[in-house]
Amino acid sequence: MRDPVSKVAKSMQPSGIRKFFDVVAEMPDAISLGVGEPDFDTPWHIREAGIYSLEQGRTFYTSNSGLMELRQEISRYYSRKYGLVYDPKNEVFITVGGSEAIDMAMRAMCDPGDEVIIPEPCYVSYVPCVALAGGVPVTIPLKAENEFRLTAQELIDAITPKTKVLMLAFPNNPTGAIMDRKDLEAVAKVCVENDIYVVSDEIYSELTYSGEHATIAALPGMRDRTVIINGFSKAYAMTGWRLGFAVGPENIIPQMLKLHQYAIMCAPTTSQYAGVEALRNGDGDIAKMREAYNQRRRYLVKQLNDMGLECFEPLGAFYVFPSIQSTGMTSEEFANKLLAEEKLAVVPGTAFGACGEGFIRISYAYSLEELKEAIGRIRNFVDRHRH
């Protein structure tokens, strides 16, 4: 029989994050610091808005773009936060999580052979989404000595006549790195000079621990060449609601929407009503969660450095990305042995690109008690294996 599976699908590796998650699920007494999911419940007033929408029988399809009420709130959010004006009718649309928005952006923007520059380490879906869209992923290995920030020179060195899109993701998963306004200005200048578009994944924008998040879309010349991807999962602890969105210029968003029409139809109606409430009244919830994450972040960075696992200070998201090179193990070896010997799951850095070798990702979207127990297990493990 003829092989029914496409070469592109076959060439993809399963997610390195989920592999460890699945093992831990079947291991009693195991602790997982592997999944980037807030340990907080969705705030009650947001859940209540979703419940109320169900009680009112609001269980029908919304428009493909999503509830106008929600799109208007997103538009107001970008106006008050960044001074950016987006028309809720043609420049905002609602997706099934930020992940769908990434997929739609790549499919809408890439012709076969177009190159998309992706700084690594990065979220696991960027490279596959580019490949599925027929584009060519071109990765830039970021450096720990630069705190995993993208420099203008690194971008310039990766550009070819086929370069069309730069995938930016700050605050970053897995490193926790951020790019401040000055960093972004240098990158924006290169994009304008080389006519490059940007897809900016800002799902962790509310989880920044040193001043305000900066978006490249707010810089001169960048509003009309940037699609911002965002969502409710991380900031509002709404992972299971599957609610994201994209904002961007009118020549791109309606093209993404066409693909969304055929592939998805619309995001869950209940989630959209909850999203309206989140944007209207959720700032206080974000502040409380961010404060808890910040406490955990400082604790982990200090403990890891004290035990000799060098860790730069991540200023965004809820991950630390310590070096495990002092142990003499590969990332995969370290993660597998730690799981087998100490029943503790972390993610090898190589799950996020080859340049993640020598690092592991630890999520601190877990309680301080769990993190303290986990640190004890890591310390035992490192002491036992240190050369």
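Reader: What is a salt bridge, and how many salt bridges does a search of the whole structure find?

Author: A salt bridge is a side-chain nitrogen of Lys or Arg within 4 Å of a carboxyl oxygen of Asp or Glu. Side chains of opposite charge can pair when their charged atoms come close. In this predicted model, a search of the whole structure finds 25 salt bridges.

Reader: How far apart are the closest N and O atoms of Glu185 and Arg181, and where in the chain do the two residues lie?

Author: The closest N and O atoms of Glu185 and Arg181 are 3.1 Å apart, and the two residues form a salt bridge. Both belong to helix H8 (residues 181–193), where a spacing of four residues separates them by about one helical turn. Glu185 is partly exposed, at 38% relative accessible area, and Arg181 is partly exposed as well, at 45%.

Reader: Which parts of the chain does the pair of Arg297 and Glu313 link?

Author: Arg297 and Glu313 meet through their side chains in a salt bridge of 2.8 Å, N to O. This pair links distant parts of the chain, with Arg297 in helix H11 (residues 283–306) and Glu313, 16 residues apart from it, in the loop between H11 and strand S9 (319–320).

Reader: Is Arg297 buried or exposed, and what does Glu313 count as?

Author: Arg297 has a relative accessible area of 4% and is buried, whereas Glu313, at 42%, counts as partly exposed.

Reader: Which residues are linked with Arg280 in a network of salt bridges?

Author: Glu69, Glu73 and Arg76 are linked with Arg280 in such a network.

Terms used. Residues numbered from 1 in each chain as written. Predicted model: local features only at pLDDT ≥ 70, side-chain atom pairs only at ≥ 80, totals over all residues. Heavy atoms only, no water. Buried < 20%, exposed > 50% of the residue type's maximum accessible area, 1.4 Å probe, protein only.
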